[in-house]
Amino acid sequence: MNTSQQRRISRQHRSTLRWIVAITTIALVFDGYDLVVYGTVVPSFLRDPSQIGHLSVAQAGALGSYALMGVMVGALTAGAVGDHTGRRRIMIAGIVWFSVAMGLSAFATSITVFGVLRFLTGIGVGALVATAAAIIAEFAPPHRRNVYNAIVYSGVPAGGVLAAVMALLTSGGDSWRTLFLFGAAPLVVLLPVTLLRLPESPKWLLARGHTEQARLLSERTGVTLGEAPRAVEVKKVGFAALASRRYALPTVLLGLMSCSGLLLTYALNTWLPEIMGQSGFGKSYALVFLLALNGGAIIGGVLASRVADRTGPQRVITSTFVLAAVSLTLLTLGLPLGVLLALVAVAGIGTIGTQVLVYGFVANYYDTRARAAGVAWCAGFGRLGGIGGPLVGGALVSAGISPHTAFYAFAGVAVFGALVNLFVPRRSAEADAVPASVPARPSAETACVLAYESLR
């Protein structure tokens, strides 16, 4: 193959990857916005019954969990069908679903209607969260998968930052409706681009037996399909593969680890403004803490992912969980505002940033036939922790205990996540193997390998 052909394939792969990263990142920005914006309006709901009705602290915690219940349903559903129907269809359906539900939430006039719409919104969010990591794992170069995954999933805390900024810019009365209506923007802004620029995964097509389509798409996108190992036969697909001897134990452990990360993520995003408000900080300061939490997660998550690409994600995840435990404990010492903001930012790295790393770890742990199911399990089962986060936070706040106790409880969860991570078995070298019955084309593979090398 001559140099001009190599350069052409390299350009094709870079262009494809840029569009995929842009589309999935923007989708997760709005996912993060949707899930965090509720935390910014909780204080208004608690103090103004004229919005959706009289709301107790316990009810506010329950409402915060409804969206996460929907995320669990959406993620598990996407996992059940994603390895059978493909990545592209799930992404498109998820964007439409959560945008419509988010927009309708802006017109809710009762607690019941608002809660139902929060649950429905969560279904669309779950489908996107569970699919994004699978797409990145199958398009990104192997030596940079954690970095690209971190960029994409940093969209979630970036959405949290966007929600906090929008909340600071709008205040009083029905301003919360504007915040929710803004969450429907992807239906107009993102969906047309996704329909035009998001390709199906060639690796998924090959794994499903669509050999010729996979070869053509591989040549068009510059994505290598890999060489088929001689002795590998993958018969189980999706959730059935997760129950196999190869994946059963790590699936349980990865689910528990995700559960810990998501409990911390949503407990802090939902209740941090209220907890800091009870500590004597006004509304504006409380929202600044939310900005620090998510801003720290964005920067720290990307930096940590670069280390993960070099050393492996497990060591980094253990370190960031420990970092979260230490920073949350130090928040109880009544330190100056500047130090508190710095500690909250570090806590963002250890909680939200850790969950970003967990998604990348999981997506690269499973092979193509089980990847969507594996990420869906991680996102879906992990949502039990996400559901518990607002409930636990609400129980602690409504019990009238000091904010110190809540931070100690969250630090304990971080320590648990670090311990679980230590027992996850090493990833099998067979991951991403293609069934032996599928022939490989040396010239296409060579071209795509050269394309990958050009991205180093």
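## Surface and overall make-up

The protein exposes about 17100 Å², and carbon and sulfur atoms supply 65% of that area. Accessible areas come from the Shrake-Rupley method with a 1.4 Å probe, and for residues only the protein chains shown count as cover. This is a predicted model: local features need pLDDT of at least 70, side-chain atom pairs count only at pLDDT 80 or more, and totals for chains, interfaces and linings use all residues. Residues are numbered from 1 along each chain as its sequence is written, and side-chain values use heavy atoms, leaving out hydrogens and water.

The protein has 19 helices and zero strands; these are DSSP runs (helices H or I, at least four residues; strands E, at least two), numbered from the N terminus. Of its 456 residues, 59% are buried. Here buried means under 20% relative accessible area, exposed means over 50%, and partly exposed lies in between (1.4 Å probe, protein chains only). Among contacts (heavy atoms within 4.5 Å) between residues at least 6 apart in sequence, 86% join residues at least 24 apart.

Ser-99 lies in helix H3 and counts as buried because its relative accessibility is 1%. Which residues does Ser-99 contact, leaving aside its neighbours within four places in sequence? They are Gly-183, Ala-184, Pro-186 and Leu-187. A polar atom of the Ser-99 side chain also lies 3.5 Å from the backbone nitrogen of Leu-187.

Val-189 is found in helix H8, and it counts as exposed because its relative accessibility is 54%.

## The nonpolar core

The largest nonpolar core has 126 residues, and Phe-114, Tyr-153, Leu-328, Phe-407 and Phe-410 touch the most other members. Such a core is a set of buried Ala, Val, Leu, Ile, Met, Phe, Trp, Tyr and Cys residues joined through side-chain atoms within 4.5 Å. Helix H1 (residues 3–47) gives the most to this core, with 16 residues. Apart from it lies another core of five residues, among them Trp-204, Leu-205, Leu-206 and Ala-214.

## A threonine in helix H18

Thr-405 lies in helix H18 (residues 403–422). Is Thr-405 buried, exposed or partly exposed? Thr-405 counts as partly exposed because its relative accessibility is 37%. The C-alpha atoms of Thr-405 and Thr-329 are separated by 9.5 Å, though the two residues are 76 apart along the chain.

Conventions: Polar contact = N/O pair within 3.5 Å; in protein donor to acceptor, adjacent residues only side chain to side chain.
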